[in-house]
Amino acid sequence: MAVTKSSSLQLYSRLLNEARPYWPLIGGLLILHLVGAPLRLLMPIPLKLVVDNVLGTQPVSDVLRAILPGNIVGSPSGMLVFAVILLVVVTGLIYLQALALWVVQTYAGQKLVLAFRAKLFRHVQELSFSFHDTRGSTDSTYRIQYDAEAIQKVALGGVIPVVAACVTIGSFLLVIAAIDPLLTAVAAAVVPPLFLFTRTFGRRLRDEWTTVKQVESSAMSLLQETLGSLRVVKAFGQEGRQHQRFVDRSTQGVQRQMRVAYTHGGFDLLVGLTTAFGTAAVLYFGVQHVLAGSLTLGNLLIVMTYLGQFYGPLEVISKKAAELQSGLASAERVFALLDEQPAVVEREDPVPISRAIGEIGFDSLSFGYGRGPFVLRNVSLIIPAGRRVGVVGRTGAGKSTLISLLMRFYDPGKGSISLDGIDLRDYDLKGLRSQFAIVLQDPVLFSTTIGENIAYARPGAELSAVEAAAKIANAHEFIDALPQGYDTPVGERGMQLSAGERQRISLARAFLKDAPILILDEPTSSVDMKTESSIVGAMQRLMEGRTSFMVTHRLDALTGCDMLLQVEDGCVQEVPIDSVTRLAGAER
């Protein structure tokens, strides 16, 4: 998936726009951050009071004289007690602010990431099969699960701390300037080099983080591919080979991470040295001012304390700008996914459909995948409603492509397909697909119970309806014999059940949906003869009163079909039904 380079400002803008529903929470976080600035301004005050007014002979400021009782202001011991109490109170408030900040930030961050992941997940489901066929699923999974956290890193972990740091810097600059303007100028001299370092290293880090994420996604793809094909890996004894491939690919990720670490470490070193030179310069000139009598020792202590609090936010801004490059690289990948558009789109004013009659027409239909040659060429035929259609042909001839076009998983390159005289592209997409029930060669079951897998066709269906569908599909007997019956978990992809059991559950699901058009795509190819006879009987019942397509190369399954289509070399033509025996050798 190509990632279009975007400026940092564009990415910040899009991420903040995604966070718009949670702006009240983000505003609360910003306020909590800003509260910390005045609290930190108060931290060195107790020390100044002790140095200047308890241990030293400096007069108490007019502000304290106005708010404190005379017996405290006029007594060193009273000022000491006040300084100690002030220290405890300010410290307690700082920790309370930190606790509130942590709780609100955790809650807001999780809500933001959840909403962003949900949006990405919905979008990926809406993308066409042409996207998933070419890109696979693992990279999208990585972007949803890991890259989506960029919204939390940037909106909460980046923008808010930087805004708060800017306010803090301004506050401390004003205070230091009021004490000694020259020291303020010396302290601020580090800002230009820090800005230069941040821009230079930021661009490099973002490129390196983008590469890291690509390599990590590739390693995850290999892992998922291996675990999903573990039976084949074990059958061919290739565990060692797959292990080495995973280690090699993961090693590339480690090497890329080390490059990021070196770059980031070099940046941190430059930031640290720059602020150290600034601190040393302020200390040098500050001591000179104390010796000259233009600055008290207590004020110098305040300046040095504030300097740490001034340089701290400066370092936060610089380092956050570098750290956020990981989040911006993730954001770039996430928005590249969001910017993908479905190849199959619904019309602005689609035709609603409740229940189709079932007449299907192909008019000069041609189709090819991507920029490849046409797989189907100039297909024209009419299938009356209620017909049982057998579809035969060699492997790769285009049978499954024909079915995918019928369900509008793809749109024709040329020509059209109609349902009840209306072009499929004119229908409401969800309504159109609700007209089909499908049973695949490799039945798809979800990691839940048998009952919920059957009810997937009609969420919320009563147990009695689920059981009735299972009985018609010859599945109730084996389900009822299980200790947990319809509450039995099927395991990942239904692997705790046999192939025949999975297929009968798939048939029960199709019965429960009760759609007017039925597609049976090699439903008996992976079962034994005894199980096949049971499934064929259920399929014959399922096809009654429906426009049905039986894609198969097994003659027994074609029994009862009243129309036969042969797919060969991209052409689809109707052949006499009595030619079934001649096509006995046809393969899927």
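Here is a chat about the pockets, confidence and a few residues of a predicted model.

Visitor: Before we start, what kind of model is this?
Guide: It's a predicted one, where local features need pLDDT of at least 70, side-chain atom pairs count only at pLDDT 80 or more, and totals for chains, interfaces and linings use all residues. Residues are numbered from 1 along each chain as its sequence is written, and side-chain values use heavy atoms, with hydrogens and water left out.

Visitor: What's the mean pLDDT of the chain?
Guide: The mean is 81, and 90% of the residues reach 70 or more. pLDDT is the predictor's confidence in each residue, from 0 to 100.

Visitor: New topic: how much space lies in the largest pocket?
Guide: About 2,500 Å³. On a 1 Å grid over the protein atoms alone, a pocket is an open set of points with protein on both sides within 12 Å along at least five of seven lines, while a cavity is a set where a 1.4 Å probe fits but cannot get out; lining residues have an atom within 4 Å of a point. Grid points are joined across faces, edges and corners, and a volume is the space filled by probe spheres set on the points.

Visitor: Which lining residues are closest to the pocket's centre?
Guide: Of 46 lining residues, those are Q125, F129, F409, F446 and Y456.

Visitor: And which helix gives the largest share of that lining?
Guide: That's α6, with 5 residues. Helices here are DSSP runs (H or I, at least four residues), as are strands (E, at least two), numbered from the N terminus.

Visitor: What about cysteines: is C561 buried or exposed?
Guide: C561 is buried, because its relative accessible area is 10%, and C571 is partly exposed at 40%. Buried means under 20%, exposed over 50%, partly exposed in between (1.4 Å probe, protein chains only).

Visitor: How many disulfides, then?
Guide: The count is 0, taking a disulfide as a pair of cysteine sulfur atoms within 2.5 Å.

Visitor: Last one: where's D442?
Guide: D442 is in the loop between β6 (436-439) and α17 (450-454). D442 is exposed, with a relative accessible area of 55%, and its C-alpha atom is separated from that of D268 by 55 Å.
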